Amino acid sequence: MLKALNISKKFGEINVLNNINLEVKRGSIVSIYGKSGAGKSTLLYILSTLDEADNGEVFFDNVSSRKLSGNKLSEFRNKRIGFIFQFHNLLEEFNVLENVCVPGYVSKRKNSEVEAKAKELLKILDLSERINHKPSQLSGGEQQRVAIARSLINSPDIIFADEPTGNLDEENSKNFIDLIKKLNTKFNQTFIIVTHNKNFIKVSDFSYTIDKGKLS
C-alpha cells in the first residue's frame with residue numbers, strides 16, 4: 001500500500017537520508033529503530049507527506065504523493081492518514097470527546113456519526129469514563145490513548161507514530177505497545193512507527209534500523 005523509492009534528504013551539507021527504499025503491506029506493523037539524530041523522524045515526515053524528499057518518490061496504492069498538493073493533499077492526509085506524536089498535541093480547551101472528533105469534523109462527516117465513532121473508540125481504549133475531562137485532568141498514558149483514538153477517527157489507511165512512547169514511563173510504554181498490537185488485530189490497522197524503543201520489535205511484522213542515512 002506504501003512504497004518509497006530512493007528517498008534522499010539533505011540538511012545543508014549533511015546527508016540525513018541516502019537512497020532509502022521501503023515497502024509497507026496493508027495491515028502490517030512496521031517499526032524503524034534509530035538513535036537520536038539518525039533521521040528516523042525525517043523519514044517519517046516524508047513518508048507521511050508532511051515533508052518532501054530532495055530526491056525519490058513515495059507512492060500510496062501506486063499513486064505518487066507528488067501529484068497531491070494544496071487542498072487535495074490536505075484532504076488526503078485527513079481521510080487516509082493518522083498521526084500519533086511524542087507530544088500528544090491535544091487541545092487544552094476541548095474535552096476528550098471533542099479532541100477525538102476534531103479530524104472527523106474537518107472531514108465534513110455528520111457530527112452524530114463522528115461522535116458515535118469517537119465514543120466507540122474511547123470505549124475500546126478504556127476511556128469512556130473520561131469522555132468529558134480536559135487533557136490537563138488526564139495522566140500521560142490516558143492522553144496518549146486519546147491521541148490514538150483521534151488518529152483512528154477517520155478510519156485511516158495508515159497511522160504514522162513518531163516516538164510515541166518517548167514521554168511515557170515503562171509501564172505505560174508497555175501498555176501502549178500492547179495496544180498497538182490489539183488495534184492492528186481488531187481493525188487490520190497499518191502502523192509505521194519510528195522509535196528508539198526496541199520493545200516495538202516484539203509486535204512488529206517488519207522492523208528496520210536507520211543509521212547514517214541508510215535503512216537496514
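**Stop one: the sheet**

Select 55-60, which is strand β4, and then β5: the two pair in the antiparallel sense over two bridges. Strands here are DSSP runs (E, at least two residues), helices are DSSP runs (H or I, at least four residues), and both are numbered from the N terminus. Two strands count as paired if DSSP finds at least two bridges between them. Now show F59; its bridge partner in β5 is S64.

Before moving on, note that this is a predicted model: local features need pLDDT of at least 70, side-chain atom pairs count only at pLDDT 80 or more, and totals for chains, interfaces and linings use all residues. Residues are numbered from 1 along each chain as its sequence is written, and side-chain values use heavy atoms, with hydrogens and water left out.

Zoom out to the whole sheet. It is open, has four strands in the order β2-β1-β4-β5, and its pairing is antiparallel. At the edges lie β2 (14-24) and β5 (63-64), each pairing on one side only.

Next, select 2-11 for strand β1. Seven bridges join β1 to β2, and the two run antiparallel. Show F11: its bridge partner in β2 is I14. β1 and β2 form a hairpin with two residues between them. Click G12 in that turn; its phi is positive, about 65°.

**Stop two: α3 and α4**

Select 96-106 (helix α3) and 111-124 (helix α4). Their axes come within 9 Å and cross at roughly 130°. Axes are lines fitted to C-alpha atoms, for helices over the stretch in contact, and angles run from 0 to 180 degrees between N-to-C directions. That angle makes α3 oblique to α4. Under 35 degrees counts as roughly parallel, over 145 as roughly antiparallel, 65 to 115 as roughly perpendicular, and the rest as oblique.

Which residues of α3 and α4 meet? On α3, show V96, L97, V100, C101, G104 and Y105; on α4, show N111, V114, E115, A118, K119 and L122. Contact means heavy atoms within 4.5 Å.

**Stop three: α5 and α6**

Select 140-152 (helix α5) and 170-187 (helix α6). Here the axes come within 10 Å and cross at roughly 20°. The two helices are therefore roughly parallel to each other.

Finish with side chains. G141, Q144, R145, I148 and L152 in α5 meet N172, F176, L179 and L183 in α6.
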